[in-house]
Amino acid sequence: MPIDDVVLNFSPASLVILNVVLAVIILGIALEVRPADFRTVLRSPKAVVLGIAAQYLLLPAVTVGIALLLNVPASIALGMILVACCPPGGISNVLTHRAHGDVALSASMTAVSNLVAIIVMPLNVAFWAALSPSTATLMRDFSLDRGGMLIQVLLIIGVPFAVGMPLARRFPGLTDRLRPWVQRIGLIALLAFIVAGTASNLGPLREHLGTIFLVVLLHDAVALAVGYWAAAAVRLDEPSRRAVTFEVGARNTGLGLGLTLTFFAGLGGMAMVAAWWGIWDILAGLVLAAWWRRRDAKRAAGLDGQREEAL
């Protein structure tokens with residue numbers, strides 16, 4: 001069966017569960033936000049503006065180009081565009097920390113980017129999808145309800161921020177203890193949902209798994225490269241480049257999956273791109289962070305050796 005004709009079956013109850021899980025993940029991000037994060041934006045406006053522009057302008061534009069170049073099926077192309085328009089996930093802060101990046105900048109960009117996504121994301125999906133004939137046709141077939149998408153994004157992102165930020169400000173000690181558990185529970189629940197949902201719908205998708213794997217692998221690598229080289233182009237320092245890399249490369253694809261199931265009837269290619277992205281970008285991010293850490297260790301060892309020789 002062509003992947004554009006595959007539709008995943010999820011019950012209304014499972015969609016409610018997914019939206020709750022996504023809200024918990026965003027709450028974990030919101031509990032980490034402090035007023036100092038927004039002061040970081042004022043101190044480093046170039047880095048934050050660059051990061052947001054790379055996420056919501058540069059990455060979607062490059063994504064449309066990749067989809068056209070590879071001539072992927074329309075549902076996969078639309079899934080790629082939807083993922084590219086998602087805000088960054090909380091895992092970006094963890095990856096930045098593991099890579100010796102600028103964690104304060106990462107947290108600031110995550111907070112601001114998620115708030116920007118409430119308004120920008122529905123418009124962005126519609127705009128970039130309209131640039132490709134195949135994805136534009138799919139958008140017409142499903143008659144995207146931009147207002148409905150705006151409301152859903154607002155509920156999933158806006159409400160957790162409205163709850164989490166005041167809690168973090170009023171009860172910092174309590175939220176510091178709760179935050180790691182909220183983040184872990186949200187991430188584990190999302191991964192469990194993706195695995196269970198994929199397994200239950202695997203039959204019609206089996207023949208397309210190789211294509212989806214390769215497309216996501218390439219797309220994620222390009223997203224990471226876009227973040228790093230965009231930051232390098234404006235001459236940010238190395239820790240800031242690493243932060244921007246993961247802000248652009250680690251998308252909140254759980255949100256993309258939820259929107260696919262709600263507004264695109266669980267279209268197989270879209271859902272599988274979002275689902276596999278949610279797993280692969282963590283794996284790829286951990287590998288990249290480990291490589292950077294090893295490189296830093298080797299450089300530090302080399303500098304120590306040079307100092308000893310000088311003495």
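Predicted model: local features only at pLDDT ≥ 70, side-chain atom pairs only at ≥ 80, totals over all residues.
View 1. Helix 13 itself spans residues 253-263 and is largely enclosed by the rest of the structure, because 10 of its 11 residues are buried. Among the buried residues of this helix are Thr-253, Gly-254, Gly-256, Thr-260 and Phe-263, together with the leucines Leu-255, Leu-257, Leu-259 and Leu-261.

**View 2. The largest nonpolar core and a second, separate one.** The largest nonpolar core comprises 84 residues, of which Met-121 and Ile-157 touch the most other members. Helix 6 (residues 103-129) gives the most to this core, contributing 11 residues. A separate second core has 9 residues, including Leu-95, Tyr-228, Ala-250 and Leu-288.

**View 3. The surroundings of Ile-157.** With residues up to four places away in sequence set aside, Ile-157 touches Ile-26, Pro-87, Asn-114, Ala-117, Ile-118 and Leu-255. One of these, Leu-255, is a buried residue of helix 13.

**View 4. A nonpolar patch on the surface.** Ile-151, Leu-155, Val-159, Val-163, Leu-167, Phe-171, Leu-174 and Leu-178 make up a nonpolar surface patch with about 680 Å² of accessible area together. Two or more residues of the patch come from each of helix 8 (146-170) and helix 9 (172-200), and helix 8 supplies the largest share, 5 residues. An α-helix has 3.6 residues a turn, so residues three or four places apart point the same way. Val-159 is located in helix 8; this residue counts as partly exposed because its relative accessibility is 41%.

**View 5. Asp-296 in helix 14.** Asp-296 is placed in helix 14, which covers residues 268-310. Its relative accessibility is 19%, and therefore Asp-296 counts as buried, the cut-off being under 20%. Beyond its neighbours within four places in sequence, Asp-296 is in contact with Ala-99, His-100 and Arg-242.

View 6. The unreviewed UniProt entry carries the annotation "transmembrane region" for several spans, including residues 149-169 and 212-236. Residues 149-169 are 100% helix and 0% strand, with the end C-alpha atoms 30 Å apart. For residues 212-236 the chain is 88% helix and 0% strand, and 34 Å separates the end C-alpha atoms. The annotation also covers residues 103-129, the residues of helix 6.

Note on methods: Residues numbered from 1 in each chain as written. Heavy atoms only, no water. Helix = DSSP H or I, 4+ residues; strand = E, 2+ residues; numbered from the N terminus. Buried < 20%, exposed > 50% of the residue type's maximum accessible area, 1.4 Å probe, protein only. Contact = heavy atoms within 4.5 Å. Core = buried A, V, L, I, M, F, W, Y, C linked by side-chain atoms within 4.5 Å. Patch = residues over 30% accessible without salt bridge, like charges linked within 9 Å, V, L, I, M, F, W, Y side chains within 5 Å. Areas by Shrake-Rupley, 256 points an atom, 1.4 Å probe, with all protein chains shown as cover. Salt bridge = Lys/Arg side-chain N within 4 Å of Asp/Glu carboxyl O. UniProt positions renumbered as here; feature names shortened; annotations may be inferred.
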